[in-house]
Amino acid sequence: MEIDKAIGESDDKRLKTKYNNAIFVIKRALALYSIEEVAFSFNGGKDSTVLLHLLRAGYFLHKKEQTCSNGGLSSFPVRTIYFESPSAFTEINAFTYDAAQTYNLQLDIIRQDFKSGLEALLKANPIRAIFLGVRIGDPTAVGQEQFSPSSPGWPPFMRVNPILDWSYRDVWAFLLTCKVKYCSLYDQGYTSIGSIHDTVPNSLLSVNDTSSKEKFKPAYLLSDGRLERAGRVKKIASLKNDVDTESQKHEVLLASVIAVGDEILSGTVEDQLGLSLCKKLTSVGWSVQQTTVLRNDIDSVSEEVDRQRSTSDMVFIYGGVGPLHSDVTLAGVAKAFGVRLAPDEEFEEYLRHLISEQCTGDRNEMAQLPEGITELLHHEKLSVPLIKCRNVIVLAATNTEELEKEWECLTELTKLGGGSLIEYTSRRLMTSLTDVEVAEPLSKLGLEFPDIYLGCYRKSRQGPIIICLTGKDNARIDSAAQTLCKKFKKDVFVEIK
């Protein structure tokens with residue numbers, strides 16, 4: 001079979017792994033269901049074109065194992081469903097019908113909406129499983145596995161997703177390696193095709209040309225697969241900067257800090273990162289409302305992130321990031337948002353530049369990021385981007401030196417340390433007065449200056465009390481300090497610079 005032969009002769013180890021995994025899913029489905037009980041949903045796009053040829057190869061290999069024959073594939077008996085729409089591109093329709101004729105597909109043309117069409121089809125036929133060209137990153141892929149029952153309210157059938165973990169790069173590697181035909185729109189700059197009403201060529205493939213007509217490079221030349229849907233007119237809006245809004249100019253923004261690591265809880269390692277991060281956040285106008293240390297457990301991380309992300313403007317989490325069994329942070333973040341970890345093509349490329357000799361072409365666990373909610377924050381000083389999942393920042397730093405670099409880049413990229421925020425300032429007063437002597441005056445001062453944070457601490461039990469007055473208005477801080485000093489004799493308080 002030409003597809004299996006082309007992949008076998010390829011030097012692309014990653015593609016071979018993806019192919020073998022997809023073929024395994026297909027063969028498994030064909031073993032579980034009879035040929036009359038399966039169908040293939042074909043829409044003429046690049047993903048379903050890949051699946052068409054994977055199914056042809058999978059069916060050939062399945063029959064070969066059953067009959068121990070090396071004969072060719074004379075027919076492809078899997079029922080193929082095509083939902084024809086008046087808003088479809090004529091090129092998609094033409095390619096679909098051409099493929100049906102070329103590969104002798106049993107094409108069922110449905111001119112209803114997807115749900116109604118499926119209900120009618122399944123009512124008339126004993127179909128129990130449908131092969132779909134769904135990939136992680138597609139809007140419909142959230143929560144799906146390679147074998148996933150249909151959603152509540154839909155007719156019952158098993159969704160079979162052989163290419164669920166394939167990336168944009170994998171799709172084009174397969175199509176180009178196998179030298180199969182695909183819809184001509186992809187050679188005209190279209191990278192993700194919907195209807196004629198919401199799809200245009202991807203502007204990232206635009207070619208500078210002196211002619212009046214805009215030209216585009218083919219889809220397989222798009223360097224960043226994360227941007228394949230940039231040609232959708234109604235595409236999902238990019239994640240906004242969560243802290244850079246004018247409405248927050250005078251607000252006190254709340255932050256939470258989460259550390260993940262059994263080594264911290266056991267006392268093996270002293271957590272210097274939490275201390276440093278709290279100082280940095282406070283210095284640029286954020287109020288840290290809670291710090292937490294968690295064990296290396298996905299559920300513990302998930303529960304804490306879910307709790308803190310709803311009460312904080314931003315959550316910072318560090319520790320437990322990497323390929324080890326104890327590195328559960330990203331999985332916990334994904335679970336907190338109700339999504340799954342998915343291969344991220346762009347992030348994997350960064351990792352390959354760093355650890356190329358350790359990349360085998362198989363699945364890279366470090367390149368699995370929470371699907372649909374991850375934004376990579378690029379900075380020239382960082383070898384890999386920072387990871388931002390909605391209002392959760394995942395830091396990779398393992399020491400204060402690394403944190404310093406990440407913090408510097410983060411404040412530039414997100415304006416955490418400036419722009420719309422007014423930074424905190426503070427004055428510290430030291431006194432030898434007892435706790436009892438200062439307790440009541442401080443309580444009254446707090447009522448008089450509710451906008452000023454009053455903190456008290458001692459460095460030792462017998463040492464002096466240090467009173468910290470913190471706020472965003474210097475004049476108010478000075479006024480509060482003067483009011484406190486007037487309540488006592490002169491020189492009772494000494495200011496600490």
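A residue is called buried when its relative accessible area is under 20%. Thr191 has a relative accessible area of 1%, so this residue is buried. The model discussed here is predicted.

**The nonpolar core**

- The largest nonpolar core comprises 56 residues, and Tyr19, Phe40, Val50, Leu54, Phe131, Trp166 and Phe174 have the most contacts inside it.
- Several elements each supply at least two residues of this core, including helix H1 (2–8), helix H2 (13–32), strand E1 (38–41) and helix H6 (168–178).
- Helix H3 provides the largest share of this core, namely nine residues.
- Beyond residues up to four places away in sequence, Trp166 touches Leu15, Lys18, Tyr19, Ala22, Val50, Leu54, Arg135, Val171 and Phe174.

**Thr191**

- Thr191 is located in the loop between H6 and strand E7 (206–207).
- A polar contact of 3.1 Å joins the side chain of Thr191 to the side chain of Asn202.
- When neighbours within four places in sequence are set aside, the residues in contact with Thr191 include Lys46, Tyr168, Tyr186, Leu205 and Glu228.

**Val438**

- Val438 belongs to helix H13 (residues 435–448) and is buried, with a relative accessible area of 5%.
- Residues up to four places away in sequence aside, Val438 touches Leu433, Ile465 and Phe488.
- Although Val438 and Phe488 are 50 residues apart in sequence, their C-alpha atoms are 9.3 Å apart in space.

**Salt bridges**

- Side chains of opposite charge can pair when their charged atoms come close.
- The whole structure contains 26 salt bridges.
- One of them joins the side chains of Asp165 and Lys18, with an N to O distance of 3.6 Å. This pair links distant parts of the chain, as Asp165 lies in the loop between E6 and H6 and Lys18 in helix H2, 147 residues apart. Lys18 is buried, at a relative accessible area of 9%.
- Arg340 and Glu145 form a salt bridge in which the closest N and O atoms are 3.6 Å apart. Arg340 is in the loop between helix H10 (329–336) and strand E12 (341–343), and Glu145 is in the loop between E4 and strand E5 (147–149), so the pair ties together parts that are 195 residues apart in sequence.
- Lys381 and Glu408 meet through their side chains in a salt bridge of 2.5 Å, N to O. Lys381 is partly exposed, with a relative accessible area of 41%, and Glu408 is also partly exposed, at 34%.
- Asp12, Arg14, Arg169 and Asp170 are connected by a network of salt bridges.

Key: Residues numbered from 1 in each chain as written. Predicted model: local features only at pLDDT ≥ 70, side-chain atom pairs only at ≥ 80, totals over all residues. Heavy atoms only, no water. Core = buried A, V, L, I, M, F, W, Y, C linked by side-chain atoms within 4.5 Å. Buried < 20%, exposed > 50% of the residue type's maximum accessible area, 1.4 Å probe, protein only. Helix = DSSP H or I, 4+ residues; strand = E, 2+ residues; numbered from the N terminus. Contact = heavy atoms within 4.5 Å. Polar contact = N/O pair within 3.5 Å; in protein donor to acceptor, adjacent residues only side chain to side chain. Salt bridge = Lys/Arg side-chain N within 4 Å of Asp/Glu carboxyl O.
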